[in-house]
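This report is meant for someone meeting the structure for the first time.

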Amino acid sequence: MDHNQTPLFSALRRHAEQNPLQFHIPGHKKGMGSDPEFREFIGDNALSIDLINIAPLDDLHQPTGVIEQSQKLAADAFGADYTFFSVQGTSNAIMTMIMSVCGPGEKVIVPRNVHKSVMSAIILSGARPVFISPARDGNLGIDHGITTRSVRRALDKHPDAKAVLVINPTYYGICANLKEIVDLVHSYDVPVLVDEAHGVLIHFHEKLPMSAMQAGADMAATSVHKLGGSMTQSSVLNVRAGRVNPTRVQTIISMLTTTSTSYILLASLDTSRRHLALNGHEMAERAIELAQYVRSEVNTIKDLYSFGEDILGGEATYDYDPTKVTIHVRHLGITGYEAENWLRDNFNLEVEMSDMYNILCLITTGDTEETAHKLIHALRTMSDVFHSKGEVKELVVKIPEIPHLALTPRDAFYEDTEIIPFKESAGRIIAEFIYVYPPGIPILLPGEVISQENIDYIVDHVEVGLPVKGPEDRTIQFVKVIADEEAIF
């Protein structure tokens, strides 16, 4: 295929150049009806292609023209049989994956550290989750992925599962042996779904981990906007035909997608695919080199540490993406959250995320030596400020065990509920989510029994200022539980 082509973006440009008289939405009509300050800031070019699914521009819900051509080019670029564009982020693509293969009461095997969109799909589909505990890193205080052995145990116990979901890579860039897991799951004739939100570049460079399509997975939800250059909220769902029905995938993603699809986002997917297909290897090479330089410099700074190849060798740490630079800050006597705020307040520098012991910085194709040097300078200054001044707390990985699932998440979500004090909720069945965001990993899910361990873990995070979210009560003083129903074991 000719990856110089951009069928959709080219069609949008031609349409804008023809300057048709518009009597359709959006009502701003090429910016004429927009707020003047906003119009000046955004620019008339962008507003001229903020359009709807008129005939020359095809329809994402039933593509037969330029969108279909663009998706075929994307499928070729990512090594898929079919690619579907998402204008509602990878969350929409993940929900589509699960709802395409799971129905009410059917089991899906998932890691516990899944994104909240997985649980949204489980509630909507009525599926029953079978959780696998991810491997925990006692040196860094983070979760990795799931191992081949744990997947085998889950399948032996639940051979009727309709799918296995794998995160590759994790938010921190760590990968298990995806090819080995895919081959194992396929030996049970079960499809493999991959949350590839943080892996758009890995398909384009041999120094990066194996991508989902390269490993033979059946579906992969991939965030082009996170690391591939497209605009926020634009992602793709890559599909391999066989164990998955592409026609059903199209039906489900259409059900979940707005009919007012953004052509600006679609155009950014079309052009980012071109850029990746033609220049992805070179782009990834630059990002890798820059990230490894940052990592090596971080490891010369007092009391900071960034893992690299030294983390490899375990079943859950088979490979890693070096463009994810995780910086361990515990030895400075501060939390990752405090480090994130300090960098923001003192250097106007924003990191990707923080947790109890780490901050995560992404080095992408948009970075330069200048941005890398500024990051290193800020980290050196932070080290000078906090070195030997704060109390270095012992690293404690006390993530509670996976709670007992008393009701399916869907049943719990729609049950009669009551509000009680959170600290007094041990033994009750929760009817809402509590999760740490980013990255949106659930601590408690609807239908699970709240333990004292859960309560203590969440309170600890709240007290040190880490972002715990989900309940309707944002202070997490109160929680919604199933009304008048004590857990029965």
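The paragraphs below go through helix packing, the nonpolar cores, aromatic groups and some particular loop residues.

Everything described here refers to a predicted model, and the values are computed from that model.

**Helix packing and nonpolar cores**

Helix α1, which covers residues 7–18, and helix α4, which covers residues 66–78, have axes that come within 7 Å of each other and cross at roughly 145 degrees. On the α1 side the residues in contact are Pro7, Leu8 and Ala11, and on the α4 side they meet Val66, Ile67, Gln69, Ser70 and Leu73. Sorted by class, this contact of α1 with α4 consists of six nonpolar residues and two polar ones, with no charged residues.

Which residues touch the most other members of the largest nonpolar core? In this core of 44 residues they are Leu12, Phe78 and Leu266. At least two residues of the core come from each of α1, α4, α10 (224–227), α12 (263–298) and β14 (358–362), and α12 gives the most, with nine residues. Leucine 12 itself, when neighbours within four places in sequence are left aside, is in contact with Ile49, Leu51, Leu57, Tyr263 and Ala267. There is also a second, separate core of 34 residues, which includes Phe84, Ile94, Val101 and Ala163.

**Aromatic groups**

Phenylalanine 413 counts as partly exposed because its relative accessibility is 38%, whereas tyrosine 414, with a relative accessible area of 55%, is exposed. Elsewhere, Trp342, Phe347 and Phe386 form one aromatic cluster, and the charged end of arginine 112 sits over the ring of phenylalanine 131, at 4.7 Å from its centre.

**Residues in loops**

Leucine 349 lies in the loop between α13 (336–347) and β13 (353–354). Is this leucine 349 buried or exposed? Its relative accessibility is 15%, and since the limit for buried is under 20%, leucine 349 counts as buried. Leaving out residues up to four places away in sequence, leucine 349 touches Leu343, Arg344, Lys374, Leu375 and Ala378. Lysine 374 is 25 residues away from leucine 349 in sequence, while their C-alpha atoms are 8.9 Å apart in space.

Aspartate 189 has a phi near 60 degrees and lies in the loop between α8 (178–187) and β8 (192–196), where aspartate 189 is exposed, with a relative accessible area of 55%. Isoleucine 476 likewise has a positive phi, of about 60 degrees, although it is not a glycine, and isoleucine 476 is found in the loop between β19 (468–469) and β20 (478–486). At 7% relative accessibility, however, isoleucine 476 counts as buried.

Definitions and conventions: Residues numbered from 1 in each chain as written. Predicted model: local features only at pLDDT ≥ 70, side-chain atom pairs only at ≥ 80, totals over all residues. Heavy atoms only, no water. Axes fitted to C-alpha atoms, helices over the stretch in contact; angles between N-to-C directions. Helix = DSSP H or I, 4+ residues; strand = E, 2+ residues; numbered from the N terminus. Contact = heavy atoms within 4.5 Å. Nonpolar A, V, L, I, M, F, W, Y, C, P; charged D, E, K, R; others polar. Core = buried A, V, L, I, M, F, W, Y, C linked by side-chain atoms within 4.5 Å. Buried < 20%, exposed > 50% of the residue type's maximum accessible area, 1.4 Å probe, protein only. Phe/Tyr/Trp six-rings, centres within 6.5 Å; stacked < 30°, edge-to-face > 60°. Lys NZ or Arg CZ within 6 Å of the ring centre and 35° of its normal.
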